[in-house]
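Trainee: I have a new model open. Please show me how to read its features, one at a time.

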Amino acid sequence: MVPIPSAELRTSYSLYSLEFDPEDANRLIVAGGGGPGNHGVGNKITAIDASRPDTLDIVSEIELSRDEDSVATLVVGPRNKDSILLYAGVNSSAEDVAKGKNEHFRVFSLDQPSKAKASSEKPNITELSRTSLFATTEKDTYQRVLRLSAPFPGSAQVGAVATGFSKEPEIALFDVPNMGAATPKLRGNLELVKEAVDMDIIQTGDDSYQLAYCDEYEMRTMNIGKGISEGPKLVFTMPDEAAVTGNARPSFRSVRYLTPDFLLAVANLPKGGGVVLHGFRMPKNDKIHNKLKEKEEEEAKKGNGSADGTVTTEGGAKGTADETVVARKVEEPKARLCISAKLPSSVTRATGLAVRNLSPPASPTAKQGDAQFVIAVTGQDSSITIYTLDHQSVADINLIVNLFKVTTFKNVHNGPISGVAFSYVVPPADSNSDEKAVAKKGSVRPEYVKLASIGSVGNSCIVHSLPLKKFVDKTAQTRRGGAPRAARYVLALKSQAPSPKGLLFFTALITLFIGIFVQSFLEIKGYSSPMIGARRFAPVSWQQNPRYGAGQGVVGNVNYANSESLNSDGVHGFLASLLADKDLKVQDGQAKKLILNVGAKDGIVQVSGHDAEVDSTAPTPKEWDELHETQKKAWKEKLKAAGHWGEGMGETIFKNILFGELGAVVGGLVR
């Protein structure tokens, strides 16, 4: 893997929010603090220079009042003459909040010094204005979430703030002021049933925007236009399968727009079961759907229909059971899940999400072409997992594919990660000129997308520089004399597609286990010649086969009622495992007779051919019928204990076998 440089900076206060400057990928703004009180930790906003991949430098810093709360949220706004606007969420002092005055929305200005003075002069951060956007005046309410639509040249931005710890949750929408103004203009307040866990906003046209927000189980969208709004609309609900499976529902943690057509969400599985990334295709404004809905509303006003889906005839009269009717009820379109991926098992709960488009469109009305998105998910174990996702566009068809993991940074901070953000990326201006320069000289400066993360416990800020490379689609068709193939940035790190090796190994292991089990069963019951020697390890009671009758039985292909039923090696099936290594081949059309003895020292049943060398002083082996009853009983017990014989097999199978005399038979027991 390509080395990933990183730089770390520790501040004097806890960090809770961060954001890169949209027009300068080397400028990072962080904020936080210790909250109200004289505990020695101030509330601050800090500007950081991240131009070098191995070093972070503090450029400017402002300390806020220690009577007020810490900085909970922060975004970087547009340019205002020679400065950059910063929007932050800071609760007023406890005394002001008690009076019902909480000016939680703050606007700051970060100066941009001239190039001549840049080396000696540090830019200042100053507060420009403060206001309240929430309608509620509850004491515990604070500005939990703050989002701005992405900046486009010549286009206005719209922002949204959401409450936290409020009994009357809401989202306040505001317009980002034009050049020269600092205080935002409130558009309106959206009352919620449940507090928003997360939200995002995207510009969909010259004067149109869409807000997406979610609570734990539901996701809604709201269309925002010039002087008009539509919604909110419920577009997705986490499926509740508690009645079927008994499991709780997954819960949303974060949402981010990819394009106006697609949205990415992070969901935590119940009981710490893991984290899943979901890609949704957002519903479109269907003209037919809108017309039908307008017609339904008109009919409802005229009394010919009703909002609850009353069925009417085509002529307008109320339908009856024996009339042909046409239903007018239209359901709202829903978001559709189109791609998903589960994070590594070590990540049991997600805490944050960041997404960056490496090939953003030039304007809000421009079509999003082929592009790669870089995704970062922070986990409860202080890890950051990186994914890539491809957006493909062919004619009017848009797809998101290849949601693959790239790498995981483990133990990034000493404690939980309180924020994560990507720097903005400017697409390459030319397709082939830089490519040729790289090939010839190799002197083109490497490009990076920076990933910044902050930890609230260790007061740490870490920036990883993820390398980029130019990609030119060689399969794209070009016209003779036309523009060359467009180049775009993709991550230089190789992503990892899901590997089938684990599944194949598990399947092979299960197949092997089943094969061993079946073979063991067949051997124990005598249905198969021994291959793994399972009869030696199985209790004798398991080896009784109910298919055998008294004095006869069938094991595999051997009929023990027939004294000549030997296998191809002249070996009785029930003694196959014992005789497997003996040279007892059939000769001259007749099988050798077998002699069974018991070792004098180890007491193990031994086998030999009739023509093998034997001890001349030993008693002559006898046929089964010639043995004394005591010897027969002793041999049965010996063979049964060794797993070579069972009661159900009978005595007929002992024909053509010679038995040596057991020399220590006492009371029918064999040593």
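Mentor: Start with strands. Strands (E, at least two residues) and helices (H or I, at least four) are DSSP runs, numbered from the N terminus. Two strands pair if DSSP finds at least two bridges between them. Know your source too: this is a predicted model, where local features need pLDDT of at least 70, side-chain atom pairs count only at pLDDT 80 or more, and totals for chains, interfaces and linings use all residues. Residues are numbered from 1 along each chain as its sequence is written, and side-chain values use heavy atoms, with hydrogens and water left out.

Trainee: How many bridges join strand 4 to strand 5?

Mentor: Eight. Strand 4 covers residues 43-52, strand 5 covers residues 55-64, and the two run antiparallel. A hairpin of two residues links them. Across the pair, Ile-48 stands opposite Ile-58 of strand 5.

Trainee: And the side chains along a strand?

Mentor: In a regular strand they alternate between the two faces of the sheet.

Trainee: How many disulfides does a search of the whole structure find?

Mentor: A disulfide is a covalent bond between the sulfur atoms of two cysteines. Here it is called when a pair of cysteine sulfur atoms lies within 2.5 Å. The search finds zero.

Trainee: Is Cys-214 buried or exposed?

Mentor: Buried means under 20% relative accessible area, exposed over 50%, partly exposed in between (1.4 Å probe, protein chains only). Cys-214 has 0% relative accessibility, so it counts as buried. Cys-338 has 36%, so it counts as partly exposed.

Trainee: Where is Trp-645?

Mentor: In the loop between helix 7 (629-641) and strand 34 (657-659). Trp-645 counts as buried because its relative accessibility is 1%. Trp-635 is ten residues away in sequence and 10.0 Å away in space, C-alpha to C-alpha.

Trainee: How many residues has the largest nonpolar core?

Mentor: A nonpolar core is a set of buried Ala, Val, Leu, Ile, Met, Phe, Trp, Tyr and Cys residues joined through side-chain atoms within 4.5 Å. The largest has 21 residues. Those with the most contacts inside it include Phe-422 and Leu-466. Elements giving it two or more residues include strand 23 (371-379) and strand 28 (460-472). Apart from it lies another core, of 20 residues, among them Val-275 and Phe-373.

Trainee: What does His-278 touch?

Mentor: Contact means heavy atoms within 4.5 Å. Beyond residues up to four places away in sequence, His-278 touches Met-238, Leu-263 and Ile-339, among others. His-278 lies in strand 20 (residues 275-281). Its relative accessible area is 14%, so His-278 is buried.
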